[in-house]
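Please find below a short note on the model, arranged as numbered points. It may be read alongside the sequence and the structure.

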Amino acid sequence: MLISFSICSTMLHDLLQGTDTGGLFIIQDSGSCSGRRLLWSFIKAALNRTEAVHVLSFEVSEDELKDGLKGSPIERLHFHNAYSDPLAWTGSATFTVDQFCVEKVTKLIKQTSQVKTAILAIDSLSWILRHISPSAVCKTLQQLKNGGCVANVIGLLHSDMHSRGTVGSLCHLATSLITVKAVLRGDQAMITKRLKSGKVLQGEEVFTIKDDLTVIGQGKPSRSEPQEQMCISNMADPTANLTFNLRLSESQREAKEKLALPFVFSKEKKAALLHTGSGRIVYEPDANDDYDQEDPDDDLDV
Amino acid sequence: MFAELNSILNVSPEHFSTGEFVLLSDRQSDASFLLHHFLGFYLRAGCQVCFVALAQSFSHYSAVSQRLGVNLSQAKEKGQLVFLEGLQESLSILNPHDARTGSEAMDFLRNPGAGLQCLFQFVSSSVDHSRGAEDGGRGPPVLLVDDLSMLLSLGVGVDAVLDFSHYCRTAICSQLKGNVVMLLRCDGEDDDDDDVGSDDGSERLLRGLTHQCSLALHVQSLPTGYCRDIHGQVEMCDRRRQAGGQQRKMTFHFKVHDKGASFFAPGTSSAVL
């Protein structure tokens, strides 16, 4: 089945082609919009390009991942199971969260594949961040990115699970950052891409993902999306067709605008109330007033 | 078991999907009626049920289930229901003079910071034990927890609860192809929007569990206030893979009766129509 894409190549599709190396892609999602299927689309695109893909999975089982990637060439997919026993509670651990450091991850990848153009997908970084400090995770990701045992690293991050500082630190490391959120027409991706020259490209696109994990671009997000939900387009003029007159003539409108409202504190009123400079307060004590400043209670009969 | 909820979720005791993690949550309302529904549903379906009850005693659940037509005592005697009565079991740990030794499941009370590995081991052993029992004709195993916010109040951290729910999902949903239903009650405090990750309470736990679950039912009171005929609204969010990738979200109003609950689309309450 031939699927036609929009004529202009979108940033999202460029990222899916994956031509750069030494990159860290982070997909940020939240509870209301999951980025996992977009992560799977990246995995599928890499498999289709005949690259080896290592998936370090904490949050989904192998069956669920392979079910999601149905129809893709999964011979080059290496699944590293950190889902069954990441904390070594049941004694069946193949990879625990404590082992997330550059030496052990590199060893894991080299054991199963010697291919240079390998991609490492991590599902998810949030799981690791719950057990390992953000600085250690950032250090490991930076070393993996520059280490050379994998060409690119892609991670899924649940941004609503961590403080802004942690999310910010990780996103700062990323060469490409995709934030997904749900909108009416599909999912909206806000993409930030840092090129090696130092230039930063940003874009927003709406996309949907089909069952076979193909990403279909739906174009730019329309600015009036929030107003669509309010449905006040094409409202009729309410002052038409009435038996009484609600409109104002020009002279009436001018008079209305000139009118000073009673409780508004304008410049003229302020000047009228304040006597600047020429005032003096004169106090003449009455017979009943006690003018003795030293003892204010002197007039009490106690 | 509420028939209308079954038709909304498109399930029946004879036909339901397995490997599901259902999250029931509420905010300034009470979602425990949904837990009674699922308890009755899975017992009627013939599943092996493990119920971790931290909020109420066994007699409470038994009395409510009786009204819904399910006999918990009988299910417990038959071995279909394994019931952990948290309130009872914790007495021996909380009272140092008590000579009885309670279940090891509640050992986390001695050291809440250490995590819920003991509770998980109780769950997995009770599920494994009943799988090996002589009656092999049982349905898939089901775990029900009432409720997770109790664990937070007892000093267990949000991360420890998320680890526990992860392991329950791994063991029961993925390995044994069963279902897990957990109730979480949020206290409705406005968390600091500036730094959501540092909030160590029920809101962060709710967000974490939302990422893990496959079906989320969130109960809230009506935003417009109290109503005699409508007790609240349920937001149902189906996170399973949908064609087109978007999650399916639906909102219903409900009214809880003496012997059940009725669900209807917003605006179609029988008092209004």
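1. In this predicted model, strand E2 (residues 52-57) and strand E4 (residues 118-123) of chain A run parallel to one another and are paired over six bridges. Within this region, His54(A) lies opposite Leu120(A) in E4(A).

2. Ser249(A) belongs to the loop between helix H8 (225-228) and helix H9 (250-258) of chain A. Is this residue buried, partly exposed or exposed? Ser249(A) counts as partly exposed because its relative accessibility is 34%, which falls between the limits of 20% and 50%. Its side chain makes a polar contact of 3.4 Å with the side chain of Ser251(A).

3. Turning to chain B, the largest nonpolar core has 45 residues, of which Leu143(B), Leu148(B), Met182(B) and Leu205(B) touch the most other members. Among the elements that give two or more residues to this core are strand E4 (141-146), helix H7 (148-153) and helix H8 (158-175) of chain B. The greatest contribution, 10 residues, comes from H8(B).

4. Leaving aside residues up to four places away in sequence, Leu148(B) touches Val161(B), Met182(B), Leu183(B), Leu184(B), Leu205(B) and Leu209(B). A second, separate core of 41 residues includes Phe16(B), Val49(B), Phe58(B) and Leu68(B).

Technical notes: Residues are numbered from 1 along each chain as its sequence is written. Chains are lettered from A and ligands numbered from 1 in the order in which they are written. This is a predicted model: local features need pLDDT of at least 70, side-chain atom pairs count only at pLDDT 80 or more; totals for chains, interfaces and linings use all residues. Side-chain values use heavy atoms; hydrogens and water are left out. Helices (H or I, at least four residues) and strands (E, at least two) are DSSP runs, numbered from the N terminus. Buried means under 20% relative accessible area, exposed over 50%, partly exposed in between (1.4 Å probe, protein chains only). A polar contact is a pair of N or O atoms within 3.5 Å; within protein, one must be able to donate a hydrogen and the other to accept it, and residues adjacent in sequence count only if both atoms are side-chain atoms. Two strands pair if DSSP finds at least two bridges between them. A nonpolar core is a set of buried Ala, Val, Leu, Ile, Met, Phe, Trp, Tyr and Cys residues joined through side-chain atoms within 4.5 Å. Contact means heavy atoms within 4.5 Å.
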